[in-house]
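Please read it alongside the sequence and the structure shown here.

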Amino acid sequence: MRLLRGRGLAALLMLLAMALMARALPAEEFGLLMLLHAFVLGVYGLVNLKPFEAVVLYGARDAKRPERIEQLLRLTLLLDLATVLAAFMLAWFATIALAHALDWNDAGVAQARAYGVVMLFSASNWASGAL
């Protein structure tokens with residue numbers, strides 16, 4: 001139940017943040033921000049393997065064997081880091097194609113790449129499974 005309340009609160013805060021951004025930013029800048037956000041989420045969705053699910057499934061199965069759990073955590077952490085890095089690299093280079101398609105200037109490409117850095121710090125799912 002706490003998880004649902006936490007996700008509900010997060011959704012409400014995101015809605016509030018979107019409303020504030022929509023009012024504060026000009027339409028073109030808000031549209032660009034939403035496009036970048038969707039782009040980053042889409043790229044990460046393509047490469048995310050959800051290693052936390054393996055931690056939950058196999059961690060419960062091997063609960064009495066701490067060496068196996070340690071091995072599983074190490075492997076899934078490396079897998080999670082690799083997918084985050086792959087998503088970042090894909091987004092970094094895909095901004096070139098996006099810039100040509102949308103006729104962006106160098107400043108737009110720089111903004112898109114800077115927003116892609118967010119993926120490095122917010123995309124890890126490993127800790128969810130470890131909990």
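Setting aside neighbours within four places in sequence, Leu35 is in contact with Leu102 and Trp104. Leu35 belongs to helix H2, and Leu102 is one of the H4 residues that H2 meets. The model is a predicted one.

**Overall make-up**

- The protein chain contains six helices and zero strands.
- Read from the N terminus, the order of elements is α-α-α-α-α-α.
- Of the 131 residues in the protein chain, 24% are buried.
- Among contacts in the protein chain with a separation of 6 or more, 69% are between residues 24 or more positions apart.

**Helix H2 against helix H4**

- Helix H2 spans residues 27-47 and helix H4 spans residues 66-102; their axes come within 9 Å and cross at roughly 135 degrees.
- The handedness of the H2 and H4 crossing is right-handed.
- On the H2 side, the contact is made by Leu35, Phe39, Val43, Tyr44 and Val47.

- Leu35 and Ala112 are 77 residues apart in sequence, while their C-alpha atoms are 9.4 Å apart in space.

**Helix H3 against helix H4**

- Helix H3 covers residues 51-61, and its axis comes within 9 Å of the axis of H4, with a crossing angle of roughly 170 degrees.
- H3 and H4 are therefore roughly antiparallel to each other, since angles over 145 degrees are classed that way.
- From H3, the residues in this contact are Pro51, Ala54, Val55, Tyr58 and Gly59.
- From H4, the partners are Ile69, Leu72, Leu73, Thr76, Leu79 and Asp80.
- The contact of H3 with H4 has eight nonpolar, two polar and one charged residues.

- Ile69 is found in helix H4 and is partly exposed, at 24% relative accessibility.
- Beyond its neighbours within four places in sequence, Ile69 is in contact with Gly59, Asp62 and Ala63.
- Ile69 and Gly59 are 10 residues apart along the chain, and their C-alpha atoms are separated by 5.8 Å.
- Leu79 also lies in helix H4, where it is partly exposed with a relative accessible area of 33%.
- Beyond its neighbours within four places in sequence, Leu79 is in contact with Leu49 and Pro51.
- The C-alpha atoms of Leu79 and Asn48 are separated by 9.5 Å, the two residues being 31 residues apart along the chain.

**Aromatic pair**

- How many aromatic pairs does a search of the whole structure find? The search finds one.
- The pair is Phe88 with Trp92: the ring centres are 5.7 Å apart and the planes are at 45 degrees, so the pair is tilted.
- Phe88 and Trp92 are separated by about one helical turn, because they are four residues apart in helix H4.
- Phe88 is buried, with a relative accessible area of 13%, whereas Trp92 is partly exposed at 30% relative accessibility.

- Asp103 lies in the loop between H4 and helix H5, the latter being residues 106-122.
- Although Asp103 is not a glycine, it has a positive phi of about 55 degrees.
- Most residues other than glycine have a negative phi.
- Is Asp103 buried or exposed? Asp103 is exposed, with a relative accessible area of 70%.

Key. Residues are numbered from 1 along each chain as its sequence is written. This is a predicted model: local features need pLDDT of at least 70, side-chain atom pairs count only at pLDDT 80 or more; totals for chains, interfaces and linings use all residues. Side-chain values use heavy atoms; hydrogens and water are left out. Axes are lines fitted to C-alpha atoms, for helices over the stretch in contact, and angles run from 0 to 180 degrees between N-to-C directions. Helices (H or I, at least four residues) and strands (E, at least two) are DSSP runs, numbered from the N terminus. A crossing is left-handed if the near helix is turned anticlockwise from the far one by less than a right angle, and right-handed if clockwise. Contact means heavy atoms within 4.5 Å. Rings of Phe, Tyr and Trp (its six-membered ring) pair if their centres lie within 6.5 Å; planes under 30 degrees apart count as stacked, over 60 as edge-to-face and the rest as tilted. Buried means under 20% relative accessible area, exposed over 50%, partly exposed in between (1.4 Å probe, protein chains only). Angles under 35 degrees count as roughly parallel, over 145 as roughly antiparallel, 65 to 115 as roughly perpendicular and the rest as oblique. Ala, Val, Leu, Ile, Met, Phe, Trp, Tyr, Cys and Pro count as nonpolar, Asp, Glu, Lys and Arg as charged, and the others, Gly among them, as polar.
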